[in-house]
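Colleague: Could you walk me through some of the strand pairing in this one before I set anything up?

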Amino acid sequence: MSNPVFRRRTLTVGALVATAGLTLAACGQAASTADESESPTTSVEHPILATHDGGVYILDGETLEVVADIELDGFLRLNPAGDGTHVLVSTSTGFRIINASTATATDDEFAAEAPAHVVNHADKTVLFDDATGAITVFDPHDLGSGLPETETFQAEEAHHGVAVMLESGDVLISLGDAEGRVGAQLVDDHGHEIARSEECPGLHGEAAAQDEAIVLGCQDGVLMLKGGEFTKIDSPDAYGRIGTQAGHEESPFTLGDYKTDPDAELERTEVVSIIDTASGEMSTLDLGTSYTSRSLARGPHGEGVVLGTDGAIHVIDLAAGEVVNSFPLLAEWEEPADWQEARPSIYVSDHTAYVSDPVTATMYAVDVESGEILAEASLPAAAIEVTGV
C-alpha cells in the first residue's frame with residue numbers, strides 16, 4: 001500500500017473558478033463569483049425546499065408559504081450543503097448553489113458531468129461525479145463568496161459512487177465500475193490506501209452513526225467503517241439488499257430499507273433494516289405498510305421515522321425494534337414505477353416533519369412527537385423532493 005492510488009490537489013478560490021469557468025464554457029455557460037451579500041433579496045429563517053417540474057420552491061418553514069420559485073430545467077436533486085444556509089441542486093451540468101436563507105439562486109456551480117451523491121460529515125462536504133469518478137471536498141462554511149477552495153480525489157474507476165471525508169482527513173471512497181459496485185476503500189489525505197474491502201456487492205448509499213461509524217448498503221447486508229477498519233454485517237437473508245439509509249450521528253443505529261427479491265423490478269417492501277453499529281448486528285422490522293426511498297428519516301432523539309404508503313408517519317424506537325407511534329396524515333398511495341415520478345416525501349428538521357402530498361399538491365408540517373399538524377399549505381405544483389438546511 002505504499003503507492004498512492006488517488007491524486008490529491010488543493011485549488012485556491014481563483015484557481016477553482018478558472019477551472020470551473022473553462023469546464024462550463026464548453027457547455028456554453030459560465031461560473032459566477034459574485035458575493036451573495038451584495039444584494040440579498042429576502043430573509044427566510046427556517047427555509048424548506050421542494051423541487052417541482054420546472055424548478056425549486058423555497059418555503060417558509062413556519063407558514064409553508066412559497067417565498068420563491070427558482071426556475072431550473074431537468075430532473076433536480078436536492079442536497080443540504082452542510083452550512084445551515086445553502087443547498088446544492090444537482091442539475092445536468094453540475095451542483096448549483098442556492099442560498100436558501102435569502103431565497104436566491106447563485107450562478108456558482110461545481111461542474112460535474114453526472115452530479116450524484118453529496119455527503120455532509122465532519123464539517124466537510126463531498127461531491128461525487130458518477131461519469132468521471134471525480135471527488136470534490138470543501139468546507140461548506142466557505143460558501144457565499146464565489147466557489148470555495150477544494151481538495152480533489154479520484155476514484156479508481158468511474159461508477160455510481162459515494163465518498164465521505166472523516167474527521168481525521170482520511171477519505172472513504174466506493175469501489176466499482178460501469179458494471180456495478182463491489183466495496184470501498186479508505187485513503188489518507190495523500191491518496192495512500194489504508195484499508196480496503198470488496199465484500200459489498202451492489203454498494204449504494206451511506207449513513208453516519210455515533211462514534212463516526214459509516215455504514216454502506218450492500219445486496220447482502222452492509223459494510224461498516226469504524227476506527228479505520230471495515231466490517232461486513234450480513235443480512236438475515238441470503239439476498240437482503242439495503243440501498244437507502246438514514247443516520248443520526250448521536251445514535252448507534254442506522255435505519256435502512258430492506259429488499260429480498262433479486263428479480264423484482266420494483267419491490268414494494270414492508271420491512272425496514274436496523275443496523276446496530278455498536279454491536280455489529282442487523283435486525284429487521286415489518287411495518288405492515290410499504291414505503292419508498294423518500295420515506296426514511298430520523299427524529300430529534302435518533303428515533304426512526306418512516307412515511308408509509310398507508311398515509312401515516314410511523315415512529316420507531318430503534319433500540320427496541322418496534323413502532324411506538326403512528327400518525328395518520330395522507331390518503332393511501334402506491335409507489336410509482338418511475339423513481340423520478342413524484343410521490344409523498346418526508347424531511348425532518350428538529351422536531352418537525354415536512355411531508356409533501358403530490359396528489360393534492362399540499363405540504364404539511366407535523367410535530368414528530370405528538371403528530372400535531374403545525375401547518376399545511378397548497379403548492380402551485382406537486383413537490384417531488386423535499387429538504388432543508
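Predicted model: local features only at pLDDT ≥ 70, side-chain atom pairs only at ≥ 80, totals over all residues.

Colleague: Which strands make up the open sheet, and in what order?

Modeller: The open sheet has four strands in the order β13-β14-β15-β16, and their pairing is antiparallel. From one strand to the next, the twist averages 25°.

Colleague: And which strands stand at the edges?

Modeller: Those are β13 (163–165) and β16 (193–197), each of which has a single partner strand, so one side of each is left without a neighbour in the sheet.

Colleague: How many bridges join β15 to β16?

Modeller: Four bridges join β15, residues 180–187, to β16, and among the residues involved, L186 has A195 of β16 as its bridge partner.

Colleague: Switching topic, is β31 mostly covered or mostly open?

Modeller: Strand β31, which spans residues 362–367, is mostly covered, with six of its six residues buried.

Colleague: What does β31 pair with?

Modeller: Strand β30 (residues 352–357) is joined to β31 by six bridges, running antiparallel, and V355 has Y364 as its bridge partner there. Five bridges join β31 to β32 (residues 373–378), also antiparallel, with A365 standing opposite A375.

Colleague: Which residues take a positive phi in those hairpins?

Modeller: In the hairpin of β30 and β31, with four residues between the strands, A361 has a positive phi near 55°, while in the hairpin of β31 and β32, with five residues between the strands, G371 has one near 80°.

Technical notes
Residues numbered from 1 in each chain as written. Heavy atoms only, no water. Pairing = 2+ DSSP bridges. Helix = DSSP H or I, 4+ residues; strand = E, 2+ residues; numbered from the N terminus. Axes fitted to C-alpha atoms, helices over the stretch in contact; angles between N-to-C directions. Buried < 20%, exposed > 50% of the residue type's maximum accessible area, 1.4 Å probe, protein only.
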